[in-house]
Amino acid sequence: MDGQEATHSQVTLHVNGERHALDLDHRTTLLDALRERLDLTGAKKGCDHGQCGACTVLVDGRRLNSCLLLAVAHDGAQVTTVEGLAGEDGRPHPLQEAFVARDALQCGFCTPGQLCSAVGMLAELAADGAEATREAVAERLSGNLCRCGAYPRIVDAVRDVIT
């Protein structure tokens, strides 16, 4: 066995509806695989410690911080990044449209993570049967930081999609 076999594995990721077979070092995070191997740069590398939410993507429908996930541990997973949120017709996701309408972004750095987190949060609310009060939405999105302070408009945009 050569050294590469011990440190690399074949991994299949289904990203935004496309199958990708990758040979990855076992230490490669999902975020790095997306950004460096698949050129999907929407998810951002903010803190690299899972504390800012800029790297949030959907993995098998759940919102997760991709900087904390080893890609090899997600072999076969369905991954959705901000680039995959648009509809099949190319039309922006309703949340993307609401963010623009509500001016819920300024510098845009956190926006991809905010959007993916919001999509996952909406699914969680539906599954939990929870009411989407302003406070509930803000609390469920609290893991995504916005350096520009657009929080009130982000919450408004998400609530626009719910109502």
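Predicted model: local features only at pLDDT ≥ 70, side-chain atom pairs only at ≥ 80, totals over all residues.
Me: How do β3 and β5 run, parallel or antiparallel?
Reply: Antiparallel, with 2 bridges joining β3 to β5. In β5, T80 stands opposite L58.

Me: What does "pair" mean for strands in general?
Reply: Strands of a sheet pair through backbone hydrogen bonds, either parallel or antiparallel.

Me: Which residues of α2 are buried?
Reply: L30, L31, D32, A33 and L34 are buried, in a helix that covers residues 30-37.

Me: What do those buried residues pack against?
Reply: Four strands: β1 (8-15), β2 (18-25), β3 (56-59) and β5 (78-80).

Me: What follows α2?
Reply: D39 does. The phi of D39 is positive, near 55°.

Me: At what angle do α4 and α6 pack?
Reply: At about 45°, with the axes 11 Å apart. The helices are α4 (residues 111-128) and α6 (residues 151-162). They are therefore oblique to each other. α4 passes α6 in a right-handed crossing.

Me: Which residues make the contact?
Reply: From α4, Q114, A118, M121, L122 and L125. From α6, I154, V158, V161 and I162. By class, the contact of α4 with α6 has 8 nonpolar residues, 1 polar and no charged.

Me: I see gaps of three or four in those numbers. Why would residues three or four places apart point the same way?
Reply: An α-helix has 3.6 residues a turn, so residues at that spacing point the same way.

Me: Next, α3 and α6. How do their axes cross?
Reply: At roughly 135°, and the axes come within 8 Å. α3 covers residues 94-101. The two helices are therefore oblique to each other, and the crossing is right-handed.

Me: Which residues meet there?
Reply: P94, L95, A98 and F99 in α3 meet I154, A157, V158 and V161 in α6. The contact of α3 with α6 divides into 8 nonpolar, no polar and no charged residues.

Me: Change of topic: H74. Where is it?
Reply: H74 sits in the loop between β4 and β5.

Me: Buried or exposed?
Reply: Buried. Its relative accessibility is 18%, and the cut-off for buried is under 20%.

Me: What does H74 touch?
Reply: T12, L13, V59 and L69. That leaves out residues up to four places away in sequence.

Me: Last one, A138. Which helix is that in?
Reply: A138 is in α5 (residues 134-140). At 36% relative accessibility, A138 counts as partly exposed.

Me: How many residues apart along the chain are A138 and Y151?
Reply: They are 13 residues apart, and their C-alpha atoms are separated by 7.9 Å.

Notes
Residues numbered from 1 in each chain as written. Heavy atoms only, no water. Buried < 20%, exposed > 50% of the residue type's maximum accessible area, 1.4 Å probe, protein only. Contact = heavy atoms within 4.5 Å. Axes fitted to C-alpha atoms, helices over the stretch in contact; angles between N-to-C directions. Parallel < 35°, antiparallel > 145°, perpendicular 65-115°, else oblique. Left-handed = near helix turned anticlockwise from the far one by under 90°. Nonpolar A, V, L, I, M, F, W, Y, C, P; charged D, E, K, R; others polar. Pairing = 2+ DSSP bridges.
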